[in-house]
Structures are given as C-alpha cells and as structure tokens.
Amino acid sequence: MLKLNERGLIPAIVQNAESGEVLMMAFMSPESLERTVETGDAWFYSRSREELWHKGETSGNFLRVQEIIGDCDGDTLLLKVRPEGPACHTGAVSCFHNPVTNADPGFETAEPTPAILEELFSVIESRKENPPPGSYTALLFQEGIGRIAQKVVEEAAETVIDAVQGNKERLPEETADLFYHTLVLLADAGVDPKEVWRALQSRRR
C-alpha cells in the first residue's frame with residue numbers, strides 16, 4: 001500500500017532504465033499515477049500550478065515508463081523510464097547537475113506546511129508522557145480535560161471575534177492557539193490526529 005503525504009501526493013524519483021542515471025524528482029497524485037499506468041507516459045502533479053502535468057507535453061521530451069517500484073516504506077516511488085530527450089527544463093540530461101562542494105552551500109527555508117501539526121502533536125505527546133518542569137503543555141495535562149476543554153472554547157471564541165472584526169493580524173495567531181489547544185485535547189483523549197485527517201479527506205467530495 002502506498003502512503004500519501006499531507007497534500008495527498010507521493011514523491012517519485014525518475015531513473016533512466018538503461019543507464020541507471022537519476023534524472024529528476026517530482027510528485028505524483030493518485031490520478032497522475034493512474035494515468036501513468038494507463039498510458040505508459042510519466043504524469044506528475046504540479047504543486048505550483050495545482051494540476052496534473054504530462055511530462056513532455058510542451059517540450060516533446062516524454063518519459064516512457066518501463067517500470068514503477070515502491071520503496072520499503074511505501075512513501076516514495078521509483079520510475080524507471082526511457083527518456084525521449086533531456087529530463088531537465090534547463091536542457092540538461094538530468095535535473096541533478098549542481099555539485100555541492102562545501103558544508104554551507106546556502107539554504108532557503110521552506111515555507112511551513114500542514115506537516116507542522118504532526119510535529120507539534122509529537123511534542124505534545126512527549127510532554128504528556130514525560131512532563132518537564134515549567135512546561136505549559138504539561139500543566140494543561142495536569143489540570144485535566146475540563147481545563148483543556150475550557151481553553152479550546154476560549155481560543156475558538158477569540159478566533160471568531162478576530163474574524164468578525166476583520167483583524168487579519170491577530171487571526172493567524174488566535175487560529176494557531178486554537179489548533180494547539182485542540183491537539184492537546186486530542187492527545188488527552190487518546191485520539192490520533194490522523195483520524196481527523198481521514199475525516200477531512202472524506203469531506204473532499
């Protein structure tokens with residue numbers, strides 16, 4: 001079984017089936033994977049354009065897929081292909097052509113994604129299991145479900161008030177507080193956020 005990330009996508013590494021050279025990495029959605037299997041051409045999902053992407057449709061540099069392999073965790077795909085031209089939009093054979101020769105090549109910080117909620121929940125659970133001195137999260141667990149529920153209601157009210165008043169500067173902060181206290185509530189109740197993600201996924205119809 002394949003595992004999709006928080007955006008409903010799975011990364012795919014593309015490799016030349018004959019030479020073994022790694023050509024590129026892109027993301028696939030269930031629909032793009034289905035089209036790839038049906039047509040034999042590589043289809044991906046463009047995160048920037050938020051649409052399916054038929055590799056080579058514009059450039060003519062199609063990737064004829066010979067084999068699709070999932071990794072041991074089921075969260076990454078390997079596409080072995082027969083390329084009909086360069087794989088990179090720069091005209092290079094492979095997208096991997098920029099050597100990294102030092103320990104500090106210059107980094108750009110990626111924009112936060114919904115995955116931060118999973119990371120935060122892990123921290124919250126660790127505070128529950130091993131409460132450190134002075135931790136606000138640990139204090140909430142100590143005070144119990146009644147206090148946690150009260151905080152969720154308070155933060156929900158503050159979030160709604162900021163939305164109604166059009167306070168765009170405060171709204172993200174209050175929403176973050178609401179998300180945080182809701183995750184604490186879930187942890188105290190023994191409910192994994194993945195159950196919430198599944199419920200949200202069912203509402204995509």
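**Figure 1. Packing of helix 4 against helix 5.** Helix 4 passes helix 5 in a left-handed crossing, a crossing being left-handed if the near helix is turned anticlockwise from the far one by less than a right angle, and right-handed if clockwise. The model is predicted: local features need pLDDT of at least 70 and side-chain atom pairs count only at pLDDT 80 or more, whereas totals for chains, interfaces and linings use all residues. Residues are numbered from 1 along each chain as its sequence is written, and side-chain values use heavy atoms, with hydrogens and water left out. Helices (H or I, at least four residues) and strands (E, at least two) are DSSP runs, numbered from the N terminus. The axes of helix 4 and helix 5 are 8 Å apart and form an angle of about 155°; axes are lines fitted to C-alpha atoms, for helices over the stretch in contact, and angles run from 0 to 180 degrees between N-to-C directions. The two helices are therefore roughly antiparallel to each other, given that angles under 35 degrees count as roughly parallel, over 145 as roughly antiparallel, 65 to 115 as roughly perpendicular and the rest as oblique. Residues of helix 4 in the contact include Ile148, Val152, Glu155 and Thr159, and those of helix 5 include Leu171, Leu178, His181 and Leu185; contact means heavy atoms within 4.5 Å. The residues of the contact of helix 4 with helix 5 divide into ten nonpolar, four polar and seven charged. Here Ala, Val, Leu, Ile, Met, Phe, Trp, Tyr, Cys and Pro count as nonpolar, Asp, Glu, Lys and Arg as charged, and the others, Gly among them, as polar.

**Figure 2. Threonine 159 in helix 4.** Threonine 159 lies in helix 4 (residues 145-164). With a relative accessible area of 11%, threonine 159 is buried (buried means under 20% relative accessible area, exposed over 50%, partly exposed in between; 1.4 Å probe, protein chains only). Not counting residues up to four places away in sequence, threonine 159 touches Leu171, Glu174, Thr175 and Leu178.

**Figure 3. Packing of helix 3 against helix 5.** Helix 3 (residues 136-143) and helix 5 (residues 171-189) have axes 11 Å apart and pack at an angle of about 50°. They are therefore oblique to each other, and helix 3 passes helix 5 in a right-handed crossing. Tyr136, Thr137, Leu140 and Phe141 in helix 3 meet Tyr180, His181, Val184, Ala187 and Asp188 in helix 5. The residues of this contact comprise six nonpolar, two polar and one charged.

**Figure 4. Salt bridges.** The structure holds eleven salt bridges, each defined as a side-chain nitrogen of Lys or Arg within 4 Å of a carboxyl oxygen of Asp or Glu. Lysine 194 forms a salt bridge with glutamate 118, with 3.8 Å between the closest N and O atoms. This pair links distant parts of the chain, 76 residues apart: lysine 194 is in helix 6 (residues 193-202) and glutamate 118 in helix 2 (residues 115-129). Lysine 194 is partly exposed at 39% relative accessibility, as is glutamate 118 at 26%. A network of salt bridges links Asp41, Arg64, Arg82 and Glu84. Between arginine 82 and glutamate 84 the closest N and O atoms are 3.4 Å apart. Both residues are partly exposed, arginine 82 with a relative accessible area of 45% and glutamate 84 with 31%.

Figure 5. Glutamate 50 lies in the loop between strand 3 (43-46) and strand 4 (51-54). Although not a glycine, glutamate 50 has a positive phi of about 55°. Its relative accessible area of 56% makes glutamate 50 exposed. Arginine 49 and glutamate 51 meet through their side chains in a salt bridge (3.0 Å, N to O). Arginine 49 is partly exposed, at 47% relative accessible area, and glutamate 51 is likewise partly exposed, at 39%.

**Figure 6. Two buried residues, leucine 79 and serine 29****.** Leucine 79 is placed in strand 6 (residues 77-83) and is buried, with a relative accessible area of 0%. Beyond residues up to four places away in sequence, leucine 79 touches several residues, among them Ile13, Met28, Phe44 and Val65. Serine 29 occupies the loop between strand 2 (22-28) and helix 1 (30-39) and counts as buried at 9% relative accessibility. Leaving aside neighbours within four places in sequence, serine 29 is in contact with Gly8, Leu9, Tyr45 and Leu52.
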